[in-house]
Structure formats: structure tokens, C-alpha cells
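Subject: Structure handover

Hi,

Here is the structure I promised to pass on to you. Please have a look at it first, and then read my notes below.

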Amino acid sequence: AMTKTAGCCQGCLHYVFDYETPKTLVIPSIRVGFVFRFTQFLVVLYVVGYVCVVQKAYQETDSVLSTVTTKVKGFAFTNTSDADPRFWDVADYVVPPQGGDSFFVLTNMVVTPQQTQSRCPELPNPSTSCVDDCDCIEGYSDPRGNGILTGLCENYSTTVKTCEVISWCPLEIDTKLPEHALLAAAENFTVLIKNSITYPKFNVHRRNILPHINSSYLKRCEFNRTTDPDCPIFRLKHIVSEAGEEFQDMAVKGGILGIIIDWSCDLDWWARKCNPQYSFRRLDNKNPANNVAPGFNFRFAKYYKTPDGEETRTLIKAYGIRFDVVVHGTAGKFGIVPTVVNLGAALTFLKNKHKITHLNEVADTETVSDKLNVFTRDYQGLIFSIFPFSSRLFFCQTADKIHSF
């Protein structure tokens with residue numbers, strides 16, 4: 001029993017601590033060798049061409065942190081039959097006035113002047129039409145309506161009666177949107193975009209106002225992809241045009257445009273490439289098959305007081321273009337860790353193969369086989385000898401020699 005226990009322990013020790021080295025079969029075939037070398041060539045081409053050159057997998061990376069400020073400039077003059085002649089400057093058409101990574105430029109509007117808090121008939125629709133006071137529930141307010149019902153049914157016109165509401169009267173009629181943009185001149189407005197970015201991992205800081213740009217250049221330049229690609233001042237018409245849209249068409253009901261700044265930087269000393277790249281695209285949905293609630297609009301009001309102290313307001317339903325400045329980017333710089341990891345992965349496909357040992361004497365194998373209780377099988381003239389205690393080594397015996405692998 002002790003002998004069996006000692007043998008079992010010794011077998012376990014050999015199983016854990018025995019060192020094995022693999023042997024590989026050498027096949028003297030030009031066709032097989034060509035396939036093998038061609039496969040190695042493809043691996044090298046993938047590692048050098050795609051992993052290193054295209055993906056730059058030898059680099060450490062960091063994501064951009066960014067801040068943006070904008071400043072719009074331009075003037076317009078309107079003179080329509082529905083409103084008095086008016087001069088417009090940046091304080092009138094940029095809402096809100098403090099621009100960050102998003103700014104809005106007013107291009108069209110529905111104006112309801114001289115509203116006061118009073119009572120007036122609701123706008124006619126199936127839910128507000130009435131015959132008598134019983135059809136109007138006092139105190140009820142419809143979120144899609146314009147005020148709180150008083151419980152009275154009043155004449156909206158000579159033929160239509162609607163429920164009376166407490167609201168800002170007269171009520172807004174937003175169906176009277178001008179067919180052409182009121183501020184058509186907005187296409188010539190310009191915007192200065194100031195963008196500062198940092199890559200904290202590499203302690204790199206950049207601005208889109210590049211070092212060679214001075215004050216005099218900034219006063220006269222305008223972004224042009226061919227002649228002035230570094231100028232941070234953009235004409236609104238050109239932004240919309242590069243996004244594939246027509247400014248005057250978009251200005252009627254508004255929309256949302258993206259100004260995309262790409263800071264993809266290669267910080268290796270042989271490259272030192274870290275300049276902004278600008279692109280433009282429309283962000284809101286412009287699908288002719290689904291044109292419900294198109295464009296972009298919102299309401300704001302300007303408040304006044306009459307000489308007798310009564311509060312009045314001018315309600316403006318503003319249509320226009322919202323510009324969103326989207327900044328993204330990744331910086332890369334040589335790093336020893338990603339380099340070693342990717343080279344190690346590549347070298348596993350290219351590791352050196354050890355040539356096998358040829359045994360010329362069949363008797364040698366027979367002696368070894370007898371001692372190690374080798375299982376031998378004959379298959380189509382080849383004798384295969386398999387060692388039961390090692391899954392990594394067996395012999396293939398031909399007529400003239402024995403191959404081990």
C-alpha cells in the first residue's frame with residue numbers, strides 16, 4: 001500500500017513539475033511551404049500596414065476635453081406690410097444673447113403685439129366650440145389650449161361661438177407664418193467660434209485660433225475650405241450650404257445644424273499633427289415622407305408697462321436655425337505598453353519552428369517503445385507510435401526512417 005501511495009505521489013509530482021517541449025513535423029513540400037510563408041507574409045502585412053500604420057496601435061490614447069464660446073455679428077432691416085420698418089442687430093435676433101456651444105439665430109416669426117391679461121374667446125376648434133355656457137366647464141384648462149375657461153360661451157365671430165378663457169389677449173394665431181423668411185439677410189451674418197481643448201493625459205492644450213493668427217488677420221478673414229481653412233469666423237450661408245441645404249428654404253421654418261470640430265491629434269515627435277478640422281451637417285430630421293412638426297421654433301415675450309401701470313407684452317413665436325458646436329477627438333502618442341502587447345500578439349504567429357530530430361535506426365525506436373509501453377498502429381504502410389504519458393510526442397515510421405514530432 002505504501003509503495004502504491006509513493007508511486008501515486010511521484011506520478012503527481014511528475015505531472016506537475018515535468019517540463020515538456022513541443023516538437024514539430026518538417027514537411028519537405030514546396031507547396032505547403034509556400035502556403036506557410038504566404039500566411040506569414042499576410043500576418044506581417046496586417047501588423048505593419050493596418051495595426052501600426054492605420055490603427056496606430058503602438059500609441060496610448062486620450063479623449064478630448066473642450067470648451068466653446070460663440071459670437072454672432074450682422075445687421076438686418078425689415079419693412080413688411082404686417083409690421084413697421086425695423087432695424088435688427090445681434091441683440092434682437094440671437095436668443096439667448098450669451099452663446100456657448102449652441103446658439104440660435106432668428107430668421108422668421110409670428111408676432112402678437114399688445115397682449116394684456118384679460119378675457120377673450122378661445123380659438124375655434126372641436127374642443128372649444130360651444131352652443132351655450134353649459135358646454136364650458138369653469139376652471140378647466142386644456143394643455144393644448146390658450147387659457148383657463150371662465151364657464152361662458154362667447155361669440156368668436158358672427159358664425160362661431162367658443163368658450164371664453166382667461167389668458168393673454170388677443171390670442172396668438174400662429175398659422176399666419178410668412179412664406180418667405182422675414183430675416184432673409186441673416187444668411188450674411190457671421191459667427192466667431194472660439195474653441196479651447198486639452199488632452200490631460202499628455203498635458204497638451206490647443207486653441208482653434210492658431211499661433212499664426214493675429215488680430216489684423218482675424219478682422220478680415222472668413223473660413224474657406226480652400227483658401228482660409230484655419231479662420232474661425234464662419235458665414236452662416238456657407239455653413240448651411242456645406243451641410244447640403246439652402247439657407248432661404250431652411251430659414252422659413254427653422255432647423256438644427258451641427259458645426260463639427262474634429263481634434264484628432266498625432267502627438268508623436270515625427271508627426272506633431274494637432275489642428276482642428278471643420279465639417280457641417282443638418283442634425284434634425286428632414287424626411288419629406290414624415291413632415292409633421294418640421295423645423296425649430298419656440299416662444300418668448302417682451303414685457304412693457306403702459307403709463308397707467310398696466311402690464312402688456314409682445315409675444316414672438318420665433319423660427320430660426322440653431323447651431324450646435326460638436327467637438328470630438330482622440331490624441332495618440334507612442335507608448336511602450338501597447339507596443340509590446342501588439343508586437344507580442346504578432347510574434348505568436350511568427351515564432352521560430354524547431355527542426356525535429358531524425359532517427360535513422362528503427363531499433364532505437366523499438367527499444368524506446370518497449371521501455372515506455374508505446375502503442376503502435378500500422379496505417380497504409382506508416383507505423384504510428386504514441387506515448388501514453390506525453391500528448392506532445394509520437395513517432396511516424398516509414399520504410400527508411402522515423403520522424404518524431
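Let me start with a strand pair: E1 and E16 (residues 330-334) run antiparallel and are joined by 5 bridges. Within this pair, Ser 63 sits opposite Thr 330 of E16.

Some background before going on. This is a predicted model, in which local features need pLDDT of at least 70 and side-chain atom pairs count only at pLDDT 80 or more, while totals for chains, interfaces and linings use all residues. Residues are numbered from 1 along each chain as its sequence is written, and side-chain values use heavy atoms, with hydrogens and water left out. Helices (H or I, at least four residues) and strands (E, at least two) are DSSP runs numbered from the N terminus, and two strands pair if DSSP finds at least two bridges between them.

Back to the sheet. E1 and E16 belong to an open sheet of 3 strands, ordered E1-E16-E12, and its pairing is mixed. Strand E1 (59-63) and strand E12 (265-266) are at the edges with a single partner strand each, so one side of each has no neighbour in the sheet.

Now the cysteines. A disulfide is a covalent bond between the sulfur atoms of two cysteines; here, a pair of cysteine sulfur atoms within 2.5 Å counts as one. That rule gives 5 disulfides. Counting bonded cysteines along the chain, their pattern is 1-6, 2-4, 3-5, 7-8, 9-10. For burial I use relative accessible area: buried is under 20%, exposed is over 50%, and partly exposed is in between (1.4 Å probe, protein chains only).

- Cys 120 and Cys 169 are bonded, with their sulfur atoms 2.0 Å apart. The torsion about the S-S bond is -75°, and this link of Cys 120 and Cys 169 is left-handed. Cys 120 is in strand E5 (residues 102-121) and Cys 169 in strand E7 (residues 161-169), so the pair ties together parts 49 residues apart in sequence. Both Cys 120 and Cys 169 are buried.

- Cys 136 and Cys 163 also form a disulfide, with 2.0 Å between their sulfur atoms. Here the torsion about the S-S bond is about -90°, so the disulfide of Cys 136 and Cys 163 is left-handed. This pair ties together parts that are 27 residues apart in sequence, because Cys 136 lies in the loop between E5 and strand E6 (148-155) and Cys 163 in strand E7. Cys 136 counts as buried at 6% relative accessibility, and Cys 163 is buried at 2%.

- Cys 221 and Cys 231 form a disulfide with their sulfur atoms 2.1 Å apart. With 70° about the S-S bond, the link of Cys 221 and Cys 231 is right-handed. Cys 221 and Cys 231 both lie in the loop between helix H4 (215-220) and strand E10 (233-235), 10 residues apart. Cys 221 and Cys 231 are buried.

Cys 134 is exposed, with a relative accessible area of 73%.

One last item comes from a record. UniProt (unreviewed entry) places a "glycosylation site" at Asn 188; UniProt positions are given in the numbering used here, feature names are shortened, and annotations may be inferred rather than shown by experiment. Asn 188 is in the loop between E7 and strand E8 (190-199), and at 43% relative accessibility Asn 188 counts as partly exposed.

Best wishes
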